[in-house]
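Here are my notes on this one, point by point. Have the model open while you read.

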Amino acid sequence: MTPLMLQDALVEEMKKLFADSSYKVRTETVEDEPVFKPFQVFKQHIPVPKSDDDEDPVPYIIVRLISGDDPGGKTSDNTVKVVIVIGTWDNDSSAQGHVGVMNAIQDIYERFSKNPMVGTVGFLMGILSG
């Protein structure tokens, strides 16, 4: 599995993992009725807006490849560092927006603690390590 194949597999896994979850969408004012939707999942970065009218991507997850190594050439396993960025928004006066992020992190951790396989080939080790 190449690093790009791993990234694609992780994007699909995040979509599947959070398919039934929803998070607050940015609204014009605090008084507006809250709107919720599932995470949008992106590879590497959020899309560059084409105009001021483009939809805000929040809530989102970004699966970002940050570095890699192929220490032994074609006969060795690749090592790839992946960062999963979680973006949410919450305008509630209780200032508890971090709770949604922490719950998402926990869901990801639990998923890969139970089964570190991604797709049919890849294997992840060191999830959420520094």
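1. First, the terms for the fold: helices (H or I, at least four residues) and strands (E, at least two) are DSSP runs, numbered from the N terminus. On that basis the protein chain reads α-β-β-β-β-β-α-β-β along the sequence, with 2 helices and 7 strands. Its C-alpha trace spans about 60 × 35 × 25 Å along the principal axes.

2. Some ground rules. This is a predicted model, where local features need pLDDT of at least 70, side-chain atom pairs count only at pLDDT 80 or more, and totals for chains, interfaces and linings use all residues. Residues are numbered from 1 along each chain as its sequence is written, and side-chain values use heavy atoms, with hydrogens and water left out.

3. Take the contacts (heavy atoms within 4.5 Å) between residues at least 6 apart in sequence: 44% of them join residues at least 24 apart.

4. Met-14 is worth a click. It lies in helix 1 and is buried, with a relative accessible area of 0%. Leaving aside residues up to four places away in sequence, Met-14 touches Val-41, Ile-61, Val-63, Ile-84, Ile-108 and Phe-112. Met-14 and Ile-61 are 47 residues apart in sequence, yet 7.8 Å apart in space, C-alpha to C-alpha.

5. Which residues does Phe-39 touch, not counting those up to four places away in sequence? The list is Phe-18, Tyr-23, Pro-59, Tyr-60, Ile-61, Ile-86, Gly-87, Thr-88 and Ala-104. One of these, Pro-59, sits in the loop between strand 3 and strand 4, and the peptide bond from Val-58 to Pro-59 is cis, with omega near 0 degrees.

6. Then the rings. The structure holds 2 aromatic pairs (rings of Phe, Tyr and Trp, the last by its six-membered ring, pair if their centres lie within 6.5 Å; planes under 30 degrees apart count as stacked, over 60 as edge-to-face and the rest as tilted). Phe-18 and Phe-39 make an edge-to-face pair, 5.2 Å centre to centre with 80 degrees between the planes. Phe-18 is in the loop between helix 1 and strand 1 (23-24) and Phe-39 in the loop between strand 2 (36-37) and strand 3 (40-43), so the pair ties together parts that are 21 residues apart in sequence. Both Phe-18 and Phe-39 are buried, and together with Tyr-23 they form one aromatic cluster.

7. Back in helix 1, look at Gln-7. Gln-7 is buried, at a relative accessible area of 5%. Not counting residues up to four places away in sequence, Gln-7 touches Lys-43, Gln-44, Val-63, Arg-64 and Leu-65.

8. Gln-44 deserves a backbone check: its phi is positive, about 70 degrees, although it is not a glycine. Gln-44 lies in the loop between strand 3 and strand 4 and is partly exposed, with a relative accessible area of 28%.

9. Buried or exposed: where does Asp-20 fall? At 82% relative accessibility, Asp-20 counts as exposed. Asp-20 is placed in the loop between helix 1 and strand 1. Asp-20 and Val-85 are 65 residues apart in sequence and 19 Å apart in space, C-alpha to C-alpha.

Conventions. Buried means under 20% relative accessible area, exposed over 50%, partly exposed in between (1.4 Å probe, protein chains only).
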